[in-house]
Amino acid sequence: METNGAKTVLLLGDITGRSRVGVRMHTAVLEARGHEVLALPTAMISNTLNLGRHASLDTTDYLCASLETWRALGIGYDFLYIGYITGLAQARLLAAEADRARARGVPVLLDPILGDGGRAYASVTDEQAEGFRRLHAHASIVTPNLTEACLLTGVPYEEAMRGTSADELLERLCAPGRAAVITSARTDDGGHAVLGQDAAGNRFCQPYERLTGRSGGAGDLFGAALIDALLRGCTLEQAAARAGADVAREIALGDRGLLPKI
């Protein structure tokens with residue numbers, strides 16, 4: 001196990017009772033790589049939403065009280081991850097936490113869980129979508145898939161699929177001085193790529209072959225691996241390459257890997 005550069009990461013997102021996704025996947029990856037994980041749920045969800053039925057608990061009051069308690073106790077962290085949110089009340093709470101973190105020089109990564117395949121998830125409400133748009137302005141790094149990048153910026157998905165709006169997507173995602181990694185972008189020839197821009201404006205494009213096999217939880221694995229690499233001193237481009245390689249390896253491993261059966 002790699003232990004050099006181990007840090008403390010605060011994870012704010014959904015904890016799902018069944019399936020290794022969200023905070024559960026991030027915790028598994030980051031703890032295995034030697035980091036200390038602090039985890040607070042934005043919601044407790046019984047199972048992944050694709051099953052057609054789920055039970056959930058909004059934990060905003062507990063989340064707020066926990067963050068206030070930790071501040072009073074002096075419990076700190078080196079990196080902040082924000083994933084699933086329940087709506088505008090949580091967005092306002094987490095925007096304030098993000099601002100406090102960034103004022104201390106702590107990176108804030110936002111994973112805007114909004115949709116895939118060109119449309120918003122059926123479970124996403126207008127309030128959740130607006131909450132993510134507001135949080136976007138408070139993050140230092142945002143990691144949407146292509147659909148989520150379009151939903152955040154208003155760029156038409158059809159243009160993004162043709163690879164014709166990559167510059168516009170990055171300009172809107174990264175202004176002012178924010179970094180972004182689009183995990184499922186398109187190249188001009190229709191291929192798949194991880195597309196990114198760091199806070200200094202340096203851009204990169206990392207083409208990849210789309211693999212068949214288990215892919216549920218792959219976005220959470222990518223995010224956790226990206227955080228690990230950034231904490232160990234990698235550039236955003238290097239971290240994205242390492243995270244992409246980790247996802248490809250786990251997809252190839254199938255039942256022997258980390259990705260869950262969803």
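The radius of gyration is taken over C-alpha atoms, and the globule rule is 2.2 Å times the number of residues to the power 0.38. For 262 residues that rule gives a value near 18 Å; the protein chain has 17 Å, which agrees with a compact globule. This is a predicted model, where local features need pLDDT of at least 70, side-chain atom pairs count only at pLDDT 80 or more, and totals for chains, interfaces and linings use all residues. Residues are numbered from 1 along each chain as its sequence is written, and side-chain values use heavy atoms, with hydrogens and water left out.

The C-alpha trace spans about 55 × 40 × 40 Å along its principal axes. The chain holds nine helices and 11 strands. These are DSSP runs (helices H or I, at least four residues; strands E, at least two), numbered from the N terminus. Of the 262 residues, 51% count as buried, meaning under 20% relative accessible area with a 1.4 Å probe, protein chains only.

The axes of α8 (residues 218-231) and α9 (residues 236-253) come within 8 Å and cross at roughly 140 degrees. Axes are lines fitted to C-alpha atoms, for helices over the stretch in contact, and angles run from 0 to 180 degrees between N-to-C directions. The contact (heavy atoms within 4.5 Å) includes Leu221 and Phe222 of α8 and Ala239 and Val247 of α9.

Turn to helix α2 (residues 60-73), where Thr60 is found. Thr60 is buried, with a relative accessible area of 15%. Leaving aside residues up to four places away in sequence, Thr60 touches Thr86, Gln90 and Leu93.

Terms used
Buried means under 20% relative accessible area, exposed over 50%, partly exposed in between (1.4 Å probe, protein chains only).
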